[in-house]
Amino acid sequence: MTDDDRRALREAGLGEDMFASAFGASPTPMVVTDARGSDNPIVWVNDAFVALTGYTRAELYGRNCRMLQGQGTDPGEIRRMRDAVATSKKIACELFNYRKDGSAFWNAMTICPVRDEGGAVAWFFAAQADMTDKRRSEQAMRGTNDELERLVDARTADLQAALEQKTALLHEVDHRVKNNLQVISSLMLLKARRTPEGEARDALQSMAERVGALSTAHRMLYSAGDVTRFDLREFAADFLADLTAGIDPDRTTVEAEVDSIAVSAAMAAPLALMMHELATNAVRHAFPNGRSGRVSITARRDDGGLRLLIQDDGVGIAAGPVNPAGFGHSLVEMVVRQLRGTIAWNEAMPGTRVEITIPLDRAN
Amino acid sequence: MTAEPALRILVVEDEVLIALELTYLLEDLGHVMVGVAASSSEAIALGASTAPDVALVDIHLVDGPTGVEVARVLSADPRTTVLFMTANSKRIPEDFAGALGVIAKPYSERVVASALTYVAERRAGRAPATDTPDGFQLAPLN
């Protein structure tokens with residue numbers, strides 16, 4: 001105790017024996033050892049220390065604190081404490097200690113050297129705390145965390161397996177659909193080959209072509225890796241190449257200006273059918289009797305949605321062989337209705353002009 | 001519509017309707033059919049006995065996904081150019097098992113015609129005049 005400390009005590013009206021009473025009654029276990037005695041013997045403990053360790057004062061006094069150590073005590077931590085005591089330094093450490101009855105507890109303590117009036121180290125004072133409960137809950141928490149992590153890993157593995165299964169299934173279904181489209185198309189073309197030239201044969205061939213347009217849409221849908229989107233420009237490029245492969249480029253030119261417009265997969269088939277029907281109709285019927293001409297197809301998107309314009313400079317609707325109540329015509333009308341769009345067929349003088357507006361979702 | 005020069009073609013396809021229609025289509029295009037095989041053993045035997053210019057090979061055959069193995073065997077003969085013709089291109093190995101490319105099912109007549117024109121040009125030692133059409137994809141390194 002420094003002179004300053006003594007002065008402060010005096011001013012507060014407290015005697016030095018206040019400490020003996022306070023420490024003795026403290027619920028914190030405390031111990032004092034004699035630094036000058038042989039092997040640092042215990043010279044004082046409070047009741048809380050007696051309660052913590054289970055030893056009586058008679059059993060404690062005169063002995064070194066290592067009597068509390070045992071098999072489970074960490075030698076490294078003992079060495080750290082011993083070094084601090086040997087060099088008279090303060091230390092906080094946590095030791096695995098044993099009570100008189102053999103039960104173990106985690107003993108967290110602060111040890112500090114206490115000097116006499118001459119400044120020499122005369123005692124060591126240690127205050128302790130039983131950390132067993134805290135350690136146990138930490139352990140439990142770690143166990144819980146490990147268990148949670150294990151559960152999350154297991155769940156993740158399950159989901160991964162489910163995803164792989166789903167992907168494999170998607171590939172399988174995709175493969176089957178494509179193969180079946182090829183079979184359907186082959187079937188119709190085979191029947192067409194065996195049907196005499198005329199209306200029936202033409203009908204079979206146009207059906208095979210419609211299936212072809214749907215096939216092109218389907219092929220694009222799955223090859224892009226994204227099964228939910230469909231790009232109208234890609235489709236148009238491929239589909240128009242198929243269309244123009246069968247016509248004389250000197251007589252009929254087909255121009256297309258189709259923006260890259262992503263639409264939902266659900267719209268792919270109806271849009272493909274509609275574009276096929278209109279473009280094929282223009283190429284086949286607008287230019288009878290060796291007449292030459294031009295077909296233009298434009299598709300762009302604006303605030304109103306998808307705007308499609310198919311125009312030719314051929315003979316026009318009234319002069320054309322196409323019956324407005326015919327199949328191709330009503331197919332287009334039906335598809336536009338399905339897509340909740342509007343369609344206008346107009347005489348373009350010369351030729352035919354078909355304007356279609358299809359609303360697109362916000363997501364599109 | 002005829003191709004110059006005509007190619008001698010083996011079709012390896014287990015779906016009878018597809019094989020038959022493809023046969024007609026190839027003949028319309030001016031090519032010569034050397035045979036149709038539905039299984040891997042048939043395909044390999046026909047390949048050995050006919051040494052076709054071109055083999056069109058589906059991946060899934062009567063005896064399972066054996067088309068890859070068929071392609072490997074047939075393409076070992078330098079006289080034969082192999083093209084896969086499948087709806088299942090994900091099954092094609094990275095080295096394409098020796099095949100030149102793949103025609104995706106469902107295919108159109110135009111894609112089959114232009115793929116074969118491409119092959120004919122290559123076999124004649126000419127640089128093919130046009131880009132490959134969308135439904136026809138070349139193996140890497142070609």
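## Close-ups of a predicted two-chain model

**View 1. A:Ala217 and its surroundings.** Leaving out residues up to four places away in sequence, A:Ala217 touches A:Phe230, A:Phe235, A:Ala268, A:Ala269 and A:Ala272. Touching, or contact, is judged on C-beta atoms placed from the backbone, which have to lie within 7 Å. This is a predicted model, in which local features need pLDDT of at least 70 and side-chain atom pairs count only at pLDDT 80 or more, while totals for chains, interfaces and linings use all residues. Residues are numbered from 1 along each chain as its sequence is written, with chains lettered from A and ligands numbered from 1 in the order in which they are written.

**View 2. The largest nonpolar core.** Zoom out from A:Ala217 and you find a core of 45 residues, in which A:Ala217, A:Ala272 and A:Ala279 touch the most other members. A nonpolar core here is a set of buried Ala, Val, Leu, Ile, Met, Phe, Trp, Tyr and Cys residues joined through C-beta atoms within 7 Å. Buried means that 20 or more other C-beta atoms lie within 10 Å of a residue's own, exposed means 12 or fewer, and partly exposed is in between, again with C-beta atoms placed from the backbone. Elements of chain A giving two or more residues to this core include α7, α9 (265-285), β9 (293-302) and α10 (327-338). Helices (H or I, at least four residues) and strands (E, at least two) are DSSP runs, numbered from the N terminus. The largest share of the core, eleven residues, comes from α9(A). A second, separate core has 43 residues, among them B:Ile18, B:Leu46, B:Tyr118 and B:Phe136.

**View 3. A:Ala208 on helix α7.** A:Ala208 sits in helix α7 of chain A. Is A:Ala208 buried or exposed? It counts as buried because 21 other C-beta atoms are within 10 Å. Setting aside neighbours within four places in sequence, A:Ala208 is in contact with A:Ser185, A:Met188, A:Leu189 and A:Ala192. A:Leu181 is 27 residues from A:Ala208 in sequence, and their C-alpha atoms are 9.8 Å apart.

**View 4. Where chain A meets chain B.** The contact takes 21 residues from chain A and 17 residues from chain B. On the chain A side, α6 (132-193), α7 (199-223) and α8 (232-245) each supply at least two residues. The biggest giver on that side is α6(A), with 13 residues. By type, the chain A side splits into seven nonpolar, nine polar and five charged residues. For that count, Ala, Val, Leu, Ile, Met, Phe, Trp, Tyr, Cys and Pro are nonpolar, Asp, Glu, Lys and Arg are charged, and the others, Gly among them, are polar.

**View 5. Helix α1 of chain B.** Which residues of α1(B) are buried? They are B:Ile18, B:Glu21, B:Leu22 and B:Leu26. These cover an arc of only 140° around the axis, which puts them on the same side of α1(B); the arc is that of the directions from the helix axis to the C-beta atoms. Their cover includes α6 of chain A together with β1 (8-12) and β2 (32-37) of chain B. After α1(B) comes B:Gly30, with a positive phi, near 95°.

**View 6. Helix α2 of chain B.** In α2 (residues 40-50) of chain B, the buried residues are B:Ser40, B:Ala43, B:Leu46 and B:Gly47. They fall within an arc of 130° seen down the axis of α2(B), so they line one face of the helix. On the other side of α2(B), B:Ala48 and B:Ser49 are exposed. Covering the buried residues of α2(B) are, among others, β1, β2, β3 (54-57) and α3 (67-75) of chain B. B:Ala51, which follows α2(B), has a positive phi, near 40°.

**View 7. A buried loop residue in chain B.** B:Leu100 lies in the loop between β4 (81-86) and β5 (101-104) of chain B. B:Leu100 is buried because 21 other C-beta atoms are within 10 Å. B:Ala139 is 39 residues away from B:Leu100 in sequence, yet the two are 5.5 Å apart, C-alpha to C-alpha. Chain B as a whole runs β-α-β-α-β-α-β-β-α-β from the N terminus, and 49% of its 142 residues count as buried.

Notes: Contact = placed C-beta atoms within 7 Å.
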